[in-house]
Structures are given as structure tokens and as C-alpha cells.
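Subject: Structure handover

Hello,

Here is the structure I said I would pass on. My notes follow it.

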Amino acid sequence: MRRPLPPAVLAAALLLGALGASPAALASAAETTATPAAAGAPAALSDSWRGPLSTRGRYIVDADGNRFKLKSANWHGAQGSWSGSGDINDPASHHDGEKADEMPLGLDRAPVSRILDGFHELGINSIRLPFSNEMLHDQRPVSDASVAANPELRGKTPLQVFDAVIAATTAEGFAVVLNNHTNTSRFCCGLDGNERWNTSQSTAQWEDDWIGLARRYKDNKRVVGADLYNEVRRTVTDDANWNWGDGHDWWAASQHLGDRLLTEANPDLLVVVEGINWQGVPADGLPHGRPTLEPVRTLSHTLVASNKLVYAAHFYGYTGPNHTGATGMGETHDPRYQELSRDDLFATLKRQAFYVTETGSHFTAPLWISEFGIGSDETNPQARAWFGNLVDYLVSNDTDFAYWPLVGWTGHGSWSILNFDAAGRRSGILDGADWRAANWNRLVNAPQKSGPVAVSDMWDMLNLDHADAVQSARTRALGDWDQGARKGNCPDGQRLIGLSHRDGRGLCTDAGAPGLAQPVPVSTVVRDERYVQQGDWAGGYTKFQCGPDQFMTGYSLRGQTVSAVQCARAGRTLGTNGRTVWFDRGDGRPAGGPGGEFASGNYKGQCATDEYAAGIAFTGAWAKGKTPDALLCRKL
């Protein structure tokens with residue numbers, strides 16, 4: 001038996017909201033007003049886990065180190081429902097005729113407590129909660145009609161309603177992941193002014209909105225994640241890109257905001273990053289496609305807290321790896337996902353997204369399929385088979401998921417799984433014949449890894465292509481350690497283990513020596529050969545080497561030229577037996593390339609996992625350019 005939300009919980013939260021209380025106070029009121037579970041009854045969802053969440057390898061874990069699988073659904077509406085044409089006040093001008101008024105859908109039809117009852121019955125433990133940037137700034141009170149079933153919300157702004165919904169939802173034990181779905185309050189997706197995070201607003205405004213929202217819910221440990229932007233895609237004229245270094249660079253934008261959220265707003269949040277949803281012109285004969293997470297294989301994110309990254313992807317049967325999902329204009333002859341054979345579908349899913357859960361790589365992270373869905377009125381055998389096949393793949397891979405959408409209006413859209421009519425009567429996947437029910441029940445009740453998750457080796461990469469990659473919080477606190485140079489620093493707790501010959505890519509790990517640095521960190525910047533010991537390990541080359549019992553954690557470049565290395569003191573005596581690993585004319589890596597491809601197209605040098613990097617060698621000889629040529633690798 002679960003614990004239903006007592007009416008006093010919502011009432012207390014809404015009363016505090018009316019008095020202008022903060023979101024943290026709303027959440028606290030909801031928590032403290034909840035009735036304890038009956039003696040001998042199974043623990044309620046609110047008692048079954050403790051925030052904040054973090055990651056260990058491919059798994060999300062709670063504050064106690066136990067697996068927390070995101071079994072989620074999308075409670076949409078606050079991102080906007082207007083189609084973009086017609087009278088915005090006419091429900092017919094809104095997607096599926098469902099007018100959300102910048103609020104989670106259904107508040108006009110059922111009390112929040114009753115909606116949450118349905119969430120419990122569905123078997124989910126978390127909610128992806130979309131919002132628009134426009135909603136955050138809308139100071140107009142919501143209409144009485146739009147909150148008819150929740151009169152306590154009358155006179156609130158959409159953001160205040162958002163606060164109250166989050167307070168009630170998290171009090172019931174659900175984890176909430178905030179999702180920036182759109183710039184403007186319109187239904188996604190297409191050529192709608194919401195294609196990128198900065199299509200209808202500046203990147204600075206996008207970041208500021210996120211910083212404010214993360215701080216707003218900082219004290220509510222069940223607001224667990226920030227899904228940075230939904231389905232980044234092409235505008236009419238421009239593509240988003242992955243590491244071009246311009247204003248449309250989604251890798252750089254998500255990397256920068258992720259670090260800001262963790263260092264300036266809320267260090268407890270998971271940072272959820274989707275890939276690029278579409279590039280190119282959807283016309284036969286022209287390049288186009290859905291990159292999804294494929295670029296991550298060679299360029300992943302390294303956050304300043306590297307146990308906070310989650311990757312996400314969306315899959316719908318009517319779209320495809322090179323198909324927009326359109327019918328008519330914008331339709332190509334590329335196959336849709338639902339037209340692929342089962343084996344081809346599984347291979348495509350792995351290539352586009354599921355590979356990120358492979359262990360032992362810089363890209364290893366939990367994967368959240370944060371949108372997928374299908375209509376209850378779907379009769380196409382291919383589409384139905386696709387849904388069953390996707391569920392099979394989610395189950396067999398024990399993958400975190402979020403169905404789209406969760407709540408709808410009876411008689412309107414057919415995709416939602418929990419519907420309410422104008423009188424508040426519920427229907428949907430729980431209440432009668434719905435062909436999706438068997439697959440849904442199989443998904444939410446599937447066997448899964450649970451309990452404690454062992455701490456795994458960390459692998460991260462550094463990218464100095466266009467900017468610094470100082471991913472150590474301790475080093476950031478010390479200031480600029482090599483002014484004018486591009487700098488790369490491993491996250492705290494890791495050591496540098498690999499470098500590229502050109503372009504400044506690096507590989508970091510704690511494999512073989514977690515917690516190697518001494519408790520009170522001491523770092524040294526080396527710009528000369530003062531610490532070179534035990535003979536000339538790279539004859540004729542300049543060598544920047546760490547001192548005794550120090551290991552490399554960072555490096556800097558000026559253009560392609562080595563400028564300096566940064567070394568940290570170990571908390572124990574380090575080995576001095578070593579070898580020179582050359583990578584100026586080919587790769588010098590251990591067998592199997594542990595850590596993955598971190599500098600595609602470049603020669604790379606890498607120490608073994610039982611070694612540490614103690615120095616770099618380079619030369620200014622003709623045509624060499626003082627680029628990194630060799631590493632001194634010593635046994636730990």
C-alpha cells in the first residue's frame with residue numbers, strides 16, 4: 001500500500017504559496033504535513049529513497065548509493081500548448097485542443113492529489129516536468145477556469161502554480177526533473193522559434209533563467225535534475241552543431257551551463273543533456289539526419305562534478321534515423337524507426353544512444369530515454385510492433401525511461417496514458433481496454449538492478465579546441481594558473497593519463513588509484529626541466545616533469561605548443577620506475593584503448609591504468625612545433 005497525498009499537504013503548501021513563501025518552504029510544508037505510513041505497511045515511495053541523486057558508471061544512485069532507476073513520464077503543459085496559429089484563447093488553436101495555460105495539464109479537471117494518485121498507480125517514481133522560458137516570466141494570474149479543480153491556485157502566476165505542483169509532487173515521493181522544453185510558450189516541435197536554446201532569446205538569458213530556477217528549488221532534494229533543452233534541431237537556415245565553437249554549438253553551450261549550474265546554483269542536480277535531434281534539409285538527395293548521441297562517442301561532456309552527467313534521447317516510431325516524421329512536405333524516402341526490422345532497430349538504437357552505457361569509457365553515463373510514446377488508437381501493425389520492440393529493448397537493457405505524455409483530456413489526444421474529462425472522471429491505460437497496457441505493465445514491472453551500486457572507475461576527456469577545460473573545482477578556486485594559454489585540468493580525484501599529439505585533447509581517470517591526491521591538495525605548475533630525474537627519458541627533447549611523488553593533473557597550450565603542466569602531490573609514495581610512451585608518429589596506447597576514442601583523427605599517447613603520467617616531452621625541431629610528443633609513464 002502506498003501513502004496517498006493527504007488534503008492537508010496540498011492545502012498547507014498552497015496557503016504558504018498565497019503568503020509568498022519560497023518553493024523550499026512549500027516543499028518543507030508538504031513533507032512535514034504528510035501522514036506517516038501505517039505500522040507494518042510497505043514503505044511509501046517517499047520513504048524508499050533519499051536525494052540528492054548522482055551517478056556511478058551507467059547507473060543513477062540515491063544519496064545512500066542505491067540504484068534509482070528513473071521510471072518516469074512527462075507531465076506536460078507548462079511549456080505551452082498553443083499551436084502557433086489562430087486565437088490563443090481558443091482551445092481549438094492548441095495541440096489536440098488541450099489548452100494548458102502554461103501549467104501542467106489537468107489542473108482544471110482534477111485535484112492535484114487525485115492526479116498524483118494516478119501516477120502512483122502507474123508505477124512511476126519520477127516526473128519530467130517541461131517548462132518554457134516565457135512561462136517563467138509571465139506575471140499574469142492564471143484564469144479561475146484553468147484551475148477549476150484546484151481553487152487554491154486561483155490568482156497565482158504560472159510559475160507559482162509550478163511551485164505548488166512541484167511541492168505536492170515531491171512530497172508524494174516523486175523525483176522531479178525540470179526540462180527546458182521551449183523558449184516561447186508553444187507546443188514543440190518544428191520550425192516554431194524554439195529549435196535551439198537561443199533561437200528566440202539570448203544564450204545569456206537561457207543560462208540566467210536556469211540559474212534562477214536551480215536556486216529556486218535548491219532546498220528540495222527531490223528536484224533532482226535539469227534537462228537543459230529539448231530536441232535541439234535545425235531552424236530554416238541553420239543547424240545546431242557539436243563543437244564548432246560558434247553560437248550554435250550545442251556541445252559547448254550544454255557543457256558551459258552544466259558547469260555553471262553545479263558551481264553557482266545547485267551542486268546536487270543531475271545535468272541531463274540530449275543530443276542533436278535533427279540536422280540538414282529533409283529532402284531526398286541532400287544531407288540530413290538525426291545525430292542523437294552519436295557525436296558523444298568521440299566528444300563527451302566532462303562536468304566539474306563528473307558524477308552528475310546523464311545523457312538523454314527520444315525515439316518515436318513515426319520518425320527515423322534520417323526521417324523527420326513528416327508526411328507530405330518535409331517527408332523523405334528514408335525509413336522510419338517502425339519500418340526497421342527488429343534487429344535493425346536494435347542496432348540503430350545502440351548506435352544512436354544506448355552505447356553510452358558501455359563501461360570503461362569517457363562517454364560512459366546513465367541513459368534516459370526521456371520521450372517515447374504511441375497512441376491508444378494506433379492501428380498500424382508496424383507502429384504497434386515498434387512499440388513492443390522498443391519496450392523489449394528498454395527492458396533488456398534496464399534503461400531509464402520517461403513516457404510522453406502523461407496527462408491528457410478524454411476525447412482529445414490519444415497518446416496520453418492518464419486522461420480526465422470535464423467532470424474529472426479518469427480514463428486511460430489504467431481504466432479499461434488499452435492495447436498499450438500490457439507493454440506498459442511489462443516495462444514498469446520489469447526485473448532491474450536494485451540496491452547498492454559499486455563505485456566504478458571514472459574516465460573523462462578534456463577538450464581544448466576552443467576554450468579552457470579546467471574541470472577541477474579546486475584548480476578553478478586558485479585562479480588562472482597560466483594566463484593567455486588554453487588549459488585543461490582533470491576533475492578532482494582524477495589524474496591525467498592520456499594526451500593527443502595535436503589539438504589539446506586529454507584523457508583523465510581514477511582507475512587503479514582512486515583518491516590519489518593528498519587530502520590537502522598541493523599543486524605545482526612546471527614550465528622547465530628542474531624536476532627531470534633518472535636520466536634523459538626523451539633525448540634531445542624538452543621535458544616538463546612533475547617533482548617526486550607528484551602526478552600530472554593538467555596541461556596548457558599556446559596554439560599547438562606546450563606551455564606548462566600542472567602536477568598534484570600524491571597522498572603516498574609513488575613509484576619511480578617508468579617508460580617513455582611516444583605518440584608523435586602513431587598512437588601509443590594500451591591494448592583495447594581503455595577510456596575510449598578521445599582524440600579522433602589525432603595520434604594519442606596514454607599510460608596504462610597501473611601507471612601515472614609524470615611528464616611531457618616536446619621539441620622545437622624543424623616541422624615539430626613543440627607539440628606533445630611523448631609521456632613519461634611511471635608505475636603507481
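**Notes on the model**

Glycine 212 counts as partly exposed, because its relative accessibility is 38%, which falls between the 20% limit for buried and the 50% limit for exposed. The model is a predicted one. Glycine 212 sits in helix 6, which covers residues 203–216. Arginine 486 is 274 residues away from glycine 212 along the chain, and 30 Å separates their C-alpha atoms.

The rest concerns strand 7, residues 270–274. Five of its five residues are buried, so strand 7 is largely enclosed by the rest of the structure. How are the buried residues of strand 7 divided between its two sides? Leu270, Val272 and Glu274 are on one side, with Val271 and Val273 on the other, and both faces are covered. In general, side chains in a regular strand alternate between the two faces of the sheet.

Strand 7 has these pairings:

- Strand 6 (residues 223–227) runs parallel to strand 7 and is joined to it by three bridges. Within this pairing, valine 271 of strand 7 has alanine 226 opposite.

Regards

Methods:
Residues numbered from 1 in each chain as written. Predicted model: local features only at pLDDT ≥ 70, side-chain atom pairs only at ≥ 80, totals over all residues. Heavy atoms only, no water. Helix = DSSP H or I, 4+ residues; strand = E, 2+ residues; numbered from the N terminus. Buried < 20%, exposed > 50% of the residue type's maximum accessible area, 1.4 Å probe, protein only. Pairing = 2+ DSSP bridges.
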